[in-house]
Every structure is written in C-alpha cells, then in structure tokens.
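I opened this entry to keep track of what I looked up. The structure comes first, then my notes.

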Amino acid sequence: MQLTLEFGGGLELLCDSVKIHNINVDPHDGEKQLTMKNLLSWVRTNVIKERPEMFMKGDSVRPGVLVLVNDTDWELSGQLETVLEEKDNVVFISTLHGG
C-alpha cells in the first residue's frame, strides 16, 4: 500500500531531516487492512532514525503530537484503529516547542 507520510514541528529531525516520505507498507500477516497502530510500529522501525521515544509512547504517538489522516484529526476516525487506504496522506506534527 502506497502512503505519504509528512513530519513537521521538529519531528522531521528524528527522520534525518526529511519531511516527506513516500512509502510502501503492507498489513501485518493475516490482516486484510492496515491500521494506524500497524503503521506506527512500521514507522518506528523503518522511518525514525533516532530517539523514537520523542515520537512514540507505547503503541501510540506521544502526547503533543497531532496526527492527521487526509487532513482530518485521527481522533475523529478512531485513532489507532483508523483503517488506512491506498494513497492516504498521514501527517505528524509536534505541538511541543521550546521557548
């Protein structure tokens, strides 16, 4: 499944400063659909290059990370259970900034 991932608000620094990633990822064995929970596990292993604890806490993103699936807050679509489809756009934005 082809997806576009975008990292902003400083999260791109965890991905070698690359903001946009065009990826191919398949559902876990035995599953027909790809969920956000599966995607986050894949991202932790394949996209995040350093300090994954700054991006994830447990199976989900850390508090303060806004997640948009096709420009819609994932809290409206089921968060970790959100089912992804071909060519979806997933955006991760950190809302935590130093000052």
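I began with asparagine 89, which is found in strand 9 (residues 89-94). Helices (H or I, at least four residues) and strands (E, at least two) are DSSP runs, numbered from the N terminus. The model is a predicted one, where local features need pLDDT of at least 70, side-chain atom pairs count only at pLDDT 80 or more, and totals for chains, interfaces and linings use all residues. Residues are numbered from 1 along each chain as its sequence is written, and side-chain values use heavy atoms, with hydrogens and water left out.

Is asparagine 89 buried or exposed? I found asparagine 89 buried, because its relative accessible area is 19%. Buried means under 20% relative accessible area, exposed over 50%, and partly exposed in between (1.4 Å probe, protein chains only).

I then looked up the contacts of asparagine 89, leaving aside its neighbours within four places in sequence: they are Thr4, Glu6, Leu68, Val69 and Asn70. Contact here means heavy atoms within 4.5 Å.

I traced an open sheet of five strands with mixed pairing, in the order 2-1-9-6-7. Its edge strands, strand 2 (20-24) and strand 7 (72-73), each pair on one side only. Two strands pair if DSSP finds at least two bridges between them. Strand 1 (residues 2-8) and strand 2 run antiparallel and are joined by five bridges. Leucine 3 has isoleucine 23 in strand 2 as its bridge partner.

**Aromatic rings**

I searched the whole structure and got three aromatic pairs. The rings of phenylalanine 55 and phenylalanine 92 are edge-to-face, because their planes stand at 80°, with centres 5.1 Å apart. Rings of Phe, Tyr and Trp (its six-membered ring) pair if their centres lie within 6.5 Å; planes under 30 degrees apart count as stacked, over 60 as edge-to-face and the rest as tilted. Phenylalanine 55 and phenylalanine 92 are both buried. Phe7, Phe55 and Phe92 form one aromatic cluster.

**Salt bridge**

How many salt bridges does a search of the whole structure find? I got one. Lysine 37 forms a salt bridge with aspartate 59, their closest N and O atoms being 3.7 Å apart. The term covers a side-chain nitrogen of Lys or Arg within 4 Å of a carboxyl oxygen of Asp or Glu.
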